[in-house]
Amino acid sequence: MRNLIGIPLIIFTGLLQITLLPHFTAFNLIPNIALVILVIWAFLRPPEECIVWAITAGITLDLFSSGTFGIYTLLFVLITFLISFVKQNFVSDINFPFKVLTALTAFLLFNTFYFLLQQFLNLIHIESTILVPIDYLFKLTPREILYELIAFIVILKPLEWFNEWVSRHEQTVKIPTSK
Amino acid sequence: MAQVNLKPKTILLLFITLLVIFSGVLLDKTGLLGPVKDITVKMTSPFQIALFRAGQGISNFFDILSSINNLSRENQELKNRNAQLVSENTKLKETKKENNLLKQQLGFKQQSNFRLLQADVINRNPQSALQFLTLDQGEKTGVKPGLAVTFNGALIGIIKETDYYTSKVLLITDQTSIVNAYIQESRASGVIKGQLGYSMKMELIPQNIVVKEGDTVITSGLGGLLPKGIIIGTVDSVDKADNEIFQTAMIKPTVNFKDLESVFIILGH
């Protein structure tokens, strides 16, 4: 049930990322909404489900992006897995400050490693020059992280409500079958 | 000490991820993934174009709302500008006629117009670090790497990758983009490099040339398939130091890169 709704939803989010969101930039930056949703979902759901979502979102963006295939999938799965792992093993109370701090770390990890992977592994199809890492990492990345953090705070509650709604729906579906 | 208790399903999913990534990178590097990406983009292109245009519409609506206070003043300014342009246009038509007559008399070949191919923007790269657009025209219609892409007559980028149905444009504002250009007023040559965000910088301008704010920057036509004389932008600010061999200028694009919906690929003369 959850994957039946979730997988088309995350594919649709991937498509929104490349079509609708470029029109709503701040500082000429596009927030990665797929990443934001995956991070929130990792707080709410078990790792297996989150990894399926991460693979789906990663493949969607990898297919439509200009970089080499696989980087989105790798980073999305890694980040959702790490959040699930920390959540299960180190934290008993998942409160709001923990979520914000974890999201901040996740966005920092994603933006830094996305850039470094593209740059230093020479995985990109651009044969000309190499970007200046200092410029990108210190000028663009903090703004991108801030933008994603704002999106995270805005989307967090609606996605929690969505999760509750799906959980309630699943329970009501299960009751008649258990009789 | 934390317990690492991974379920078999989690391990299987992680294994699948690694397999997908490894095969994906391998297929991508060998060029075998290109047709798959191409067909996927082509199949979803009507849906993507609709979403892209919807985003444009919503964005325009908010732009109008935010600029409603300035509309009256802008309207007056535009009327004045229009009157000025009409006057200039009339003079230019006359000059063009005279120019053509003189060229004929001197035996110059008439330069033919550009062969243009209209293309719709399907999507934009999801990460801001790489400024790419995907277009709905590819090798099937004669698109090849290196061709110039314009919007409202101004250069917006160069075709970087082509597939059978689609192609990818590297925007001139991308940090890896380099275009040879010169300043129309002073004829000073230099290279245009993309900057972070949607701005550009013109480098290697000789120190002895006077560059003014508002000067027009156009392509020089040197190297590659870029034709000469396509507008790139105007000079926004000049950075000139006495101890430097060259001066640099920040270039303001004439195009709003958020407005790109339908563009033209210059196939040749």
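How are α2(A) and α4(A) oriented relative to each other, roughly parallel or roughly antiparallel?

**View 1. Packing of helices α2(A) and α4(A) in the predicted model.** The two helix axes cross at roughly 25° and come within 9 Å. Angles under 35 degrees count as roughly parallel, and α2(A) and α4(A) are therefore roughly parallel to each other. The crossing in which α2(A) passes α4(A) is right-handed. On the α2(A) side, the contact is made by Leu35(A), Leu38(A), Val39(A), Ala42(A) and Phe43(A). Helix α4(A) contributes Phe76(A), Ile79(A), Thr80(A), Ile83(A), Ser84(A) and Lys87(A). By class, this contact comprises 8 nonpolar, 2 polar and 1 charged residues.

**View 2. Packing of helices α3(A) and α4(A).** Helix α3 (residues 47-64) of chain A packs against helix α4 (residues 71-89) of chain A at an angle of about 160°, and their axes lie 7 Å apart. That angle makes α3(A) roughly antiparallel to α4(A). The crossing of the pair is right-handed. Residues of α3(A) in the contact include Pro47(A), Cys50(A), Ile51(A), Ala54(A) and Ile55(A). Among those they meet in α4(A) are Ile71(A), Tyr72(A), Phe76(A), Val77(A) and Phe81(A). The contact of α3(A) with α4(A) divides into 13 nonpolar, 4 polar and 1 charged residues.

**View 3. Contact between chain A and chain B.** Chain B provides 44 residues and chain A provides 49 residues. On the side of chain B that touches chain A, the elements giving two or more residues are α1 (8-29), α2 (34-67) and β1 (115-124) of chain B. The residues on this side of chain B comprise 20 nonpolar, 16 polar and 8 charged.

**View 4. The two domains of chain B.** Chain B is divided into domain 1 (36-106) and domain 2 (114-269). The domain centres, taken over C-alpha atoms, are separated by 17 Å. In the contact between these domains, 11 residues of domain 1 of chain B face 13 residues of domain 2 of chain B. The side of domain 1 that touches domain 2 has 3 nonpolar, 4 polar and 4 charged residues.

**View 5. Prediction confidence along chain A.** Chain A averages a pLDDT of 81, and 84% of the residues score at least 70. Among the elements of chain A, helix α2 (residues 33-44) has the highest mean pLDDT (92), whereas helix α6 (residues 133-178) has the lowest (78). Over residues 123-129 of chain A the pLDDT is below 50, and this stretch has 14 contacts in the model beyond near neighbours in sequence.

Notes
Residues numbered from 1 in each chain as written. Chains lettered and ligands numbered in written order. Predicted model: local features only at pLDDT ≥ 70, side-chain atom pairs only at ≥ 80, totals over all residues. Axes fitted to C-alpha atoms, helices over the stretch in contact; angles between N-to-C directions. Helix = DSSP H or I, 4+ residues; strand = E, 2+ residues; numbered from the N terminus. Parallel < 35°, antiparallel > 145°, perpendicular 65-115°, else oblique. Left-handed = near helix turned anticlockwise from the far one by under 90°. Contact = placed C-beta atoms within 7 Å. Nonpolar A, V, L, I, M, F, W, Y, C, P; charged D, E, K, R; others polar. Domains from an automatic or database assignment. pLDDT = per-residue confidence, 0-100.
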